[in-house]
Structure formats: structure tokens, C-alpha cells
Amino acid sequence: MHQQKRQPELMEGNLPVFVFPTELIFYADDQSTHKQVLTLYNPYEFALKFKVLCTAPNKYVVVDAAGAVKPQCCVDIVIRHRDVRSCHYGVIDRFRLQVSEQSQRKALGRKEVVATLLPSAKEQQKEEEEKRIKEHLTESLFFEQSFQPGLITMAILRT
């Protein structure tokens, strides 16, 4: 008896979607960050079609917001921030990448990518460095205290 090899039935919305990076940070004072690239990977044995949706479409230009990815290939999706005003600083926008099988309409999977506009790259780096220093200081010194009547001891343990 000849058995036909069958592809497993894919449930709507359950297919893992591989996108890098998962977060976009745009800096108002650094024009080189106003254009960024999302890479969509297709590790599967079948072609995928994709669509990019956005919570704030007036603030962004998405080059090739829909298309196809061949099996075991990837595509780059260019996203440009086109409304770099101070009223948008710190606002979190979302991009949703929906994928489906080439011949199907139903979405097999989706992934969300967060996008944020910050005022200054230098200011952000300074804040991150201060945070890192503070974390290092609080994590690197531990004091062990023990109390015995008439005797107080203290030991410094470094990590």
C-alpha cells in the first residue's frame, strides 16, 4: 500500500514568526536612525506571504509592506519614521507582521515589533550608563553581618 506524505495541518495564528529586531528605537537628533530595517525569516519548507500593519501609519513609511518570502529565505523590510516631532517622544507604536501560506488567506502567525521615538541618542546612552553603574554597585557589594553578644563582625563579599 502506498502512503502519501502529508503536510501537517497548520492552525490559524499558531505559526511562529521570526523577525529581527523585535524593537525599533528612533532618535530625533540622529537622522541615521530614522530609517531602520526589519528582517523577516522563513525557516519553513513552504513559501510565506506577509503583511505589515501599524498602529500609527501616518508616522511611518513601510517600503514593501506586503510581499512573499521563499522557503528558507529572508526579506528586509525598510521602515522610515517620517514625523520626528517632540510630541511623539516616548510614544510606543506597534508594527504587526502577519504571515500566511502563499496559497491561503488565513493568517498562520503574527509577531509584534515595538517602535519608540526618543529625543536624543546621547541622552539615552548617558541614562543607560548611569543605570548600569548603579546596578553594578548595588550587585557587587554584599555585607554579611552577624551578631554575637559583645562582638560585631562584618565581612565584605564580592561577586
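Asp64 sits in the loop between S5 and S6, and this residue has a positive phi of about 55° although it is not a glycine. The model you're looking at is predicted, so local features need pLDDT of at least 70 and side-chain atom pairs count only at pLDDT 80 or more, while totals for chains, interfaces and linings use all residues. Residues are numbered from 1 along each chain as its sequence is written, and side-chain values use heavy atoms, with hydrogens and water left out.

- Most residues other than glycine have a negative phi, and most peptide bonds are trans.
- Asp64 counts as exposed because its relative accessible area is 53%; here buried means under 20% relative accessible area, exposed over 50%, and partly exposed in between, using a 1.4 Å probe and protein chains only.
- Gln72 also has a positive phi of about 55° and is not a glycine.
- You'll find Gln72 in the loop between S6 and strand S7 (73-81), and Gln72 counts as exposed because its relative accessibility is 53%.
- The peptide bond from Phe20 to Pro21 is cis, with omega near -5°.
- Pro21 belongs to the loop between S1 and strand S2 (23-27).

**The overall layout**

- The chain has 1 helix and 11 strands; helices (H or I, at least four residues) and strands (E, at least two) are DSSP runs, numbered from the N terminus.
- Follow the sequence along and you get the pattern β-β-β-β-β-β-β-β-β-α-β-β.
- The chain has 159 residues, and 30% of them count as buried.
- Ala47 is in the loop between strand S3 (35-42) and S4, and counts as partly exposed because its relative accessible area is 22%.
- Ala47 and Glu101 are 54 residues apart along the chain, yet 6.3 Å separates their C-alpha atoms.

**Salt bridges**

- The whole structure holds 4 salt bridges; for each one, a side-chain nitrogen of Lys or Arg has to be within 4 Å of a carboxyl oxygen of Asp or Glu.
- One of them joins the side chains of Lys59 and Asp93, at 2.8 Å from N to O.
- That pair links distant parts of the chain, 34 residues apart: Lys59 is in the loop between S4 and strand S5 (60-63), and Asp93 is in strand S8.
- Lys59 counts as buried because its relative accessible area is 9%, and Asp93 counts as buried because its value is 5%.
- Another salt bridge brings together the side chains of Arg94 and Glu112, at 3.4 Å from N to O.
- Arg94 lies in strand S8 and Glu112 in strand S9 (residues 109-118), so this pair ties together parts that are 18 residues apart in sequence.
- Arg94 is partly exposed, with a relative accessible area of 37%, and Glu112 is partly exposed too, at 35%.
- Glu112 also forms a salt bridge with Arg96, where the closest N and O atoms are 2.7 Å apart.
- This pair links distant parts of the chain as well, with Glu112 in strand S9 and Arg96 in strand S8, 16 residues apart.
- Arg94, Arg96 and Glu112 end up in one network, joined by salt bridges that share partners.
- Arg96 counts as partly exposed because its relative accessibility is 26%.

**The largest pocket**

- The largest pocket has a volume of about 160 Å³.
- To find pockets, a 1 Å grid is laid over the protein atoms alone, and a pocket is an open set of points with protein on both sides within 12 Å along at least five of seven lines.
- Lining residues have an atom within 4 Å of a point, and the volume is the space filled by probe spheres set on the points, which are joined across faces, edges and corners.
- Among the residues lining the largest pocket are Lys49, Phe50, Gln98, Val99 and Arg105.
- Strand S4 (48-54), strand S6 (66-69) and strand S8 (92-101) are the elements that give two or more residues to this lining.
- The lining divides into 4 nonpolar, 3 polar and 4 charged residues; Ala, Val, Leu, Ile, Met, Phe, Trp, Tyr, Cys and Pro count as nonpolar, Asp, Glu, Lys and Arg as charged, and the others, Gly among them, as polar.

**A nonpolar patch on the surface**

- Phe18, Phe20 and Tyr41 form a nonpolar surface patch, with about 330 Å² of accessible area together.
- Patch residues have over 30% relative accessible area and no salt bridge, and nonpolar side chains (Val, Leu, Ile, Met, Phe, Trp, Tyr) are joined within 5 Å.
- Accessible areas come from the Shrake-Rupley method with a 1.4 Å probe, and for residues only the protein chains shown count as cover.
- Phe18 is part of strand S1 (residues 18-20), and counts as partly exposed because its relative accessibility is 39%.

Technical notes: Patches are made of residues with over 30% relative accessible area and no salt bridge: like charges are joined within 9 Å, nonpolar side chains (Val, Leu, Ile, Met, Phe, Trp, Tyr) within 5 Å. On a 1 Å grid over the protein atoms alone, a cavity is a set of points where a 1.4 Å probe fits but cannot get out, and a pocket is an open set with protein on both sides within 12 Å along at least five of seven lines; lining residues have an atom within 4 Å of a point.
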